[in-house]
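Let's walk through this structure together, moving from single residues to the whole chain. Please keep the model open beside you as you read.

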Amino acid sequence: AALSEIAEASGKDVMKISAAVLQKLLAALNECTEWGQVFILDSLAKYTPADGREAEGIIERVTPRLQHANSAVVMSAVKVILSYMELMGSSNSDAIRALTRKLAPPLVTLLNSEPEIQYVALRNINLIVQKRPHILENEIKVFFCKYNDPIYVKMEKLEIIIKLVSEKNIDQVLLELKEYATEVDVDFVRKSVSAIGRCAVKLERAAERCIGVLLELIQTKVNYVVQESVIVIKDIFRRYPNRYESIIATLCDNLDTLDEPLAKASMIWIIGEYAERIDNADELLDTFLETFEEEDPAVQLQLLTATVKCFLKNPEDTQDMVQRVLDLATEESDNPDLRDRGFIYWRLLSTDPEAAKMVVLGDKPVIEDDTFRLDPTLLNILIGQIATLSSVYHKPPEAFVVRRGAGISGGLDDDDDDEEDYEGDGDLLDIGGMGISDGGNGSHEPQAPMNRVVGPEKSNGIEVFAGFRQLNGTIRLEMELNNVASPADIQALAIQLNKNAFGLSPASQQIVCNPPIP
């Protein structure tokens, strides 16, 4: 633990694990407290075995920790095993399969803990599932939400359900998500409806069933359910173009319920994209144009594009409408994005309508499934940080941890800017200058942070300030005495040093002062 702290503070790897040290650490695992086991396992996770056989041997010694009652020990053991599984290679596929089976039960057990521990476990499981989805592919039911789960636990469970959903379990997942969509918590309902859409984007063969569930939810006429359904159906259309357009009529029947910018923009996109299949597309767009100037910028941009699409597909009936929209976008709007797009469309339509068709009506790229959206390099870094804050934030440590030197004398190359920015009063233990240095012979001589240790009311009017510092490898106690309230000069003085946590005592029992103290 001490070496880990030193390595973290100094930025250097001071703990070199050799074969002999490795065996001692593994032997100590069975004798340590929970706290000690966590530090040993974290150190093992940073060790790189020589080959797959050594990795397998270490995993065998660490595996019993998966049954530990302490969740921190379990997560640290999981981190070691996942890190070493990479080194075992594809040749040990049977051993990797066996380990995969062993990892599932302890992870599932963590979900029976308090909500806060559940949340941390779920954030870690989210990473594990992205790295090795097979570990929990048959355990999706344990991630179904309970009625009394806090909202933050429910949201995280939904994320993991989406990652684990497959063609084998999609039916039971859809039943569960449909049930969630009838809950009272609006945010949870929205997330559940969104999850149905993401399942459709992820699983092509199940897309039709997902759309069926979304249509059933739209029939409930619940405002926020309808709006979220429209948003995810737009994504389904973009994922599978020209396949599920038969449901557009149902969407158009619910235009009156749309009052959120994202839902409106999604519906307008659908109308513009499939204007040739909607008999009254121009009338539907016209209803939105009545409030064009009050709409959100995202809605205005979609209205402009959809109107131009409608004009290119049906120029006879929509000429007046497109002229009105272009006037509103270029002359009435203060939004530079909207104005620029309006001028581009105007120039295209007036100079080369065919080019406008190619630009505006051209084939669009199909959206990709973003279920496993973490970059593989970042994912590997985060897997190595399991059971730390990094695995909860899903960010590398350097993204949110700011390190600073604590009065280090020589030997360490700190950034000068960082030293200037920090204006503290020394370290937390009031032993400024006692750094981790090779010999303490650096050119910089740290000043002792002085603190009042005795007030005048306790020492016949003498006020005492004291502070530690390191000079030439020796710890010095510097003292400053002030005669605050004594009417006469102090001619003699006795000082008693109490026992302290550091075990420090003076080199000489007799301390010589230079009285008098005026």
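Does Glu159 count as buried or exposed? Glu159 counts as buried, because its relative accessibility is 8%, and the cut-off for buried is under 20%. Please bear in mind that the model is predicted.

## The chain as a whole

Here is the overall picture. The protein contains 22 helices and three strands. It has 518 residues, and 42% of them count as buried. The exposed surface comes to about 28500 Å², with 49% of it supplied by carbon and sulfur atoms.

How much of the contact pattern comes from residues 24 or more positions apart? Taking the contacts with a separation of 6 or more, such residues account for 63%.

Let's return to the residue we began with. Glu159 pairs with Lys191 in a salt bridge whose closest N and O atoms are 2.8 Å apart. Since Lys191 sits in helix 10 and Glu159 in helix 8 (residues 151-164), the pair ties together parts that are 32 residues apart in sequence. Side chains of opposite charge can pair when their charged atoms come close.

Lys191 counts as partly exposed because its relative accessibility is 24%, whereas Glu159, at 8%, counts as buried.

## Two further salt bridges

A search of the whole structure turns up 20 salt bridges. One of them joins Glu245 and Arg277, with 3.5 Å between the closest N and O atoms. Glu245 belongs to the loop between helix 12 (223-239) and helix 13 (248-252), and Arg277 to the loop between helix 14 (261-273) and helix 15 (281-289), so this pair ties together parts that are 32 residues apart in sequence. Glu245 is buried, with a relative accessible area of 9%, while Arg277 counts as partly exposed at 44% relative accessibility.

Which residue forms a salt bridge with Arg452? The partner is Glu463, and the closest N and O atoms of the two are 2.9 Å apart. This pair links distant parts of the chain, 11 residues apart: Arg452 is in strand 1 (residues 451-454) and Glu463 in strand 2 (residues 462-471). Arg452 is partly exposed, with a relative accessible area of 48%; Glu463 is buried, with a relative accessible area of 14%. Elsewhere, salt bridges that share partners bring Glu159, Lys163, Lys191 and Arg198 into one network.

Next, have a look at Gln300, which is found in helix 16 (residues 297-313). Why is Gln300 described as buried? Its relative accessible area is 7%, and buried means under 20%. Leaving aside residues up to four places away in sequence, Gln300 touches Phe292, Glu293, Glu295 and Leu338.

Ser333 lies in the loop between helix 17 (315-332) and helix 18 (336-351). At 13% relative accessibility, Ser333 also counts as buried. With residues up to four places away in sequence again left out, Ser333 touches Leu328, Leu338 and Arg339.

Which residues form a negative surface patch? They are Glu179, Glu183, Asp185 and Asp187. Glu183 is placed in the loop between helix 9 (170-180) and helix 10 (186-202). With 31% relative accessibility, Glu183 counts as partly exposed.

There is a nonpolar surface patch too, of about 290 Å², made by Leu477, Leu493, Ile495 and Leu497. Within it, Ile495 has its place in the segment after strand 3 (474-483). Ile495 counts as partly exposed, because its relative accessibility is 32%.

Conventions. Residues are numbered from 1 along each chain as its sequence is written. This is a predicted model: local features need pLDDT of at least 70, side-chain atom pairs count only at pLDDT 80 or more; totals for chains, interfaces and linings use all residues. Side-chain values use heavy atoms; hydrogens and water are left out. Patches are made of residues with over 30% relative accessible area and no salt bridge: like charges are joined within 9 Å, nonpolar side chains (Val, Leu, Ile, Met, Phe, Trp, Tyr) within 5 Å. Accessible areas come from the Shrake-Rupley method with a 1.4 Å probe; for residues, only the protein chains shown count as cover. A salt bridge is a side-chain nitrogen of Lys or Arg within 4 Å of a carboxyl oxygen of Asp or Glu. Lys and Arg count as positive and Asp and Glu as negative; His and the chain ends are not counted. The place of a charge is taken as NZ of Lys, CZ of Arg, CG of Asp or CD of Glu. Helices (H or I, at least four residues) and strands (E, at least two) are DSSP runs, numbered from the N terminus. Buried means under 20% relative accessible area, exposed over 50%, partly exposed in between (1.4 Å probe, protein chains only). Contact means heavy atoms within 4.5 Å.
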